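Morning, everyone. Let me put the model up, and then we can walk through it piece by piece.

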Amino acid sequence: MRLLFTLLSIIALSNVVLAQNAIKLNEQQVEQNKDLAPQFVQPDAEGNPVRLTDYKGKYVLIDFWASWCGPCRAENPNVLKAYDKYHKKGLEILAVSLDSKKEAWLKAVADDQLPWKHVSDLKGWKNEAAFLFGVKGIPDNFLIDPNSVIVARGLRGEELEKKLAELLH
């Protein structure tokens with residue numbers, strides 16, 4: 001029995017060491033890649049493909065949201081205010097909807113008067129762009145610099161304003 005306990009302890013300890021090494025390796029890979037934004041293509045409301053690479057050379061806020069998400073809809077006025085203030089200074093917004101119903105998605109865009117480009121594969125929580133970015137909850141966003149490097153995540157309200165002021169003064 002004591003031998004079994006010792007063996008199980010050694011196995012558990014080695015798993016902890018392996019997990020710690022895997023975390024360190026992942027951190028090194030992230031550092032080497034400088035948090036490059038994953039590239040994706042999603043259709044817009046007319047079915048035309050929109051690529052993140054279409055925005056290369058610009059600051060772009062990738063905004064993950066959905067028409068049925070109350071906090072997302074409550075945040076839209078803040079995002080609109082930031083867009084109005086910083087669009088002429090180089091900010092673009094690419095909204096990725098996690099809706100599965102096109103009519104609800106487009107109605108929310110119209111109701112909230114959101115003038116930037118909107119895309120969705122209409123797969124809901126199985127949205128491929130959301131998967132690539134590791135989105136687990138909405139609203140969520142990623143601020144991407146002109147070199148496709150993620151410079152911030154989860155900016156809302158005052159935090160969004162502060163970061164944009166810092167970068168696009």
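Start with the sulfurs. A disulfide joins Cys69 to Cys72, with the S to S distance at 2.3 Å. The cut-off for calling a disulfide is a pair of cysteine sulfur atoms within 2.5 Å. A search of the whole structure finds one disulfide. The torsion about the S-S bond of Cys69 and Cys72 is about 75°, so the disulfide is right-handed. Is Cys69 buried or exposed? Cys69 is buried, at a relative accessible area of 5%. Cys72 is also buried, at 2% relative accessibility. Buried here means under 20% relative accessible area, exposed means over 50%, and partly exposed is in between, with a 1.4 Å probe and protein chains only.

A word on ground rules. This is a predicted model: local features need pLDDT of at least 70, side-chain atom pairs count only at pLDDT 80 or more, and totals for chains, interfaces and linings use all residues. Residues are numbered from 1 along each chain as its sequence is written, and side-chain values use heavy atoms, with hydrogens and water left out.

Now the overall layout. The protein chain has five helices and seven strands. Helices (H or I, at least four residues) and strands (E, at least two) are DSSP runs, numbered from the N terminus. Along the sequence the pattern reads α-β-β-β-α-β-α-β-α-β-β-α. Of the 169 residues, 40% count as buried. Among contacts with a separation of 6 or more, 67% are between residues 24 or more positions apart. Contact means heavy atoms within 4.5 Å.

Next, helix 2. It runs over residues 70–86, which is 17 residues. From first C-alpha to last it reaches 25 Å, close to the 24 Å expected at 1.5 Å a residue. That expected span is 1.5 Å times one less than the number of residues. Where is the kink in helix 2? A kink of about 30° lies at Asn76, shortly before the proline Pro77. The bend at a residue is the angle between axes fitted to the seven residues ending there and the seven starting there. The buried residues of helix 2 include Cys72, Asn76, Val79, Leu80 and Tyr83. The buried residues of helix 2 pack against strand 3 (59–65), strand 4 (91–97) and helix 5 (158–167).

On to helix 3, residues 102–111. Its buried residues are Trp105, Ala108 and Val109. They cover an arc of only 100° around the axis, which puts them on the same side of helix 3. The arc is that of the directions from the helix axis to the C-beta atoms. On the other side of helix 3, Glu103, Lys107 and Ala110 are exposed. The cover over the buried residues of helix 3 includes strand 1 (41–43), helix 2 and strand 5 (117–119).

Helix 5 next. Leu160, Lys163 and Leu164 are its buried residues. They cover an arc of only 95° around the axis, which puts them on the same side of helix 5. The face turned away from that buried side carries the exposed residues Glu158 and Lys162.

Now the core. The largest nonpolar core has 45 residues. Such a core is a set of buried Ala, Val, Leu, Ile, Met, Phe, Trp, Tyr and Cys residues joined through side-chain atoms within 4.5 Å. Which residues have the most contacts inside it? They are Phe64, Leu91 and Phe133. Leaving aside neighbours within four places in sequence, the contacts of Phe133 include Phe40, Phe64, Phe142 and Ile144. Ile144 sits in strand 6 and is buried, at 2% relative accessibility. The C-alpha atoms of Ile144 and Lys58 are separated by 8.1 Å, with the two residues 86 apart along the chain.

Last, some backbone points. Most residues other than glycine have a negative phi, and most peptide bonds are trans. The peptide bond from Ile138 to Pro139 is cis, with omega near 5°. Pro139 is in the loop between helix 4 and strand 6. Gln113 has a positive phi, near 55°. Gln113 lies in the loop between helix 3 and strand 5 and is exposed, at 63% relative accessibility. Ser148 has a positive phi of about 70°. Ser148 is in the loop between strand 6 and strand 7 and is buried, with a relative accessible area of 14%.
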